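Hello,

Here is the structure I promised to pass on.

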Amino acid sequence: MATFRALFILLVALNSHSPATAQSNSPRNPHLLTAIEEMKQADYFSFVMLINMSPPVLFEGNLTFFMPDDGMLSRIVLPTNDVSHFVLRHSIPKPLLFDYLEHIPTGSLIPTSAPGYLVRIDNKGCRSYFLDDVRITKPNVCVAGSSIRCHGIDGVLLPVTNVTESPSPPCPGNTAAVTAMPTPPPPPPPASDVIQSLSSASPAPATAASPFSPREKSASSRRLGAKGLVNSLLSGIIISAMMESRRNVL
């Protein structure tokens, strides 16, 4: 790793004396020059070299760079004609400190400086802030200038991760089968009807049963009637005898 870093420092040093770098470090780009120095201090030499290989006119405005580290860039194959697009794909056309990025909600799509390329935000806080599947590992590397900001990331924003909004699916035609809605059950009857039906269904109170059967009751009635007649006759005979005896005495 030390050999790799030394090689990139040498390449950056050689590149800093090239005509393209001299043009990029012209007074027209003081903020970019300041940001490049901050990138070097944070060991992002590979990304600095990619910036120096790109036309300086691409970085004259406001920018925020998302920089893969040297180890990550050493594992990719980057064609020379794709260098500028790679750098633009790793930047957005607005200088944003991480404090501002934290206010962007999850699911938001941010356009990059590369035309037609968007990144999706997955915001789970300072230690879990993702652009697509790439996490910001070193926020606020470039803070000295006013128009350039940069943050370190742990991956590469690949073109295949481009997020585009897919059109809404067409509504189904009239020929689509319509699912019949089930018939709702009837509403329950009112409480008053339920009470009335329960009252009508209740059995009538049972009448106390007589200890005598109908036949026994009839026979008993006849005995009581005969006994009363005998008592009446005896009472009449006794009264007649008493009156007769009274007359004889007189």
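Let me start with Ile104: beyond its neighbours within four places in sequence, Ile104 is in contact (heavy atoms within 4.5 Å) with Ile110, Ile121, Asn123 and Tyr129. Ile104 sits in the loop between α7 (98-101) and β3 (109-111); helices (H or I, at least four residues) and strands (E, at least two) are DSSP runs, numbered from the N terminus. With a relative accessible area of 18%, Ile104 is buried, where buried means under 20%, exposed over 50% and partly exposed in between (1.4 Å probe, protein chains only).

A word on the basis: this is a predicted model, in which local features need pLDDT of at least 70 and side-chain atom pairs count only at pLDDT 80 or more, while totals for chains, interfaces and linings use all residues. Residues are numbered from 1 along each chain as its sequence is written, and side-chain values use heavy atoms, leaving out hydrogens and water.

Next, the core. The largest nonpolar core has 42 residues, and Met39, Ile51 and Phe65 touch the most other members; such a core is a set of buried Ala, Val, Leu, Ile, Met, Phe, Trp, Tyr and Cys residues joined through side-chain atoms within 4.5 Å.

Cys142 is buried at 0% relative accessibility, and Cys150 is buried with a relative accessible area of 0%.

Best wishes
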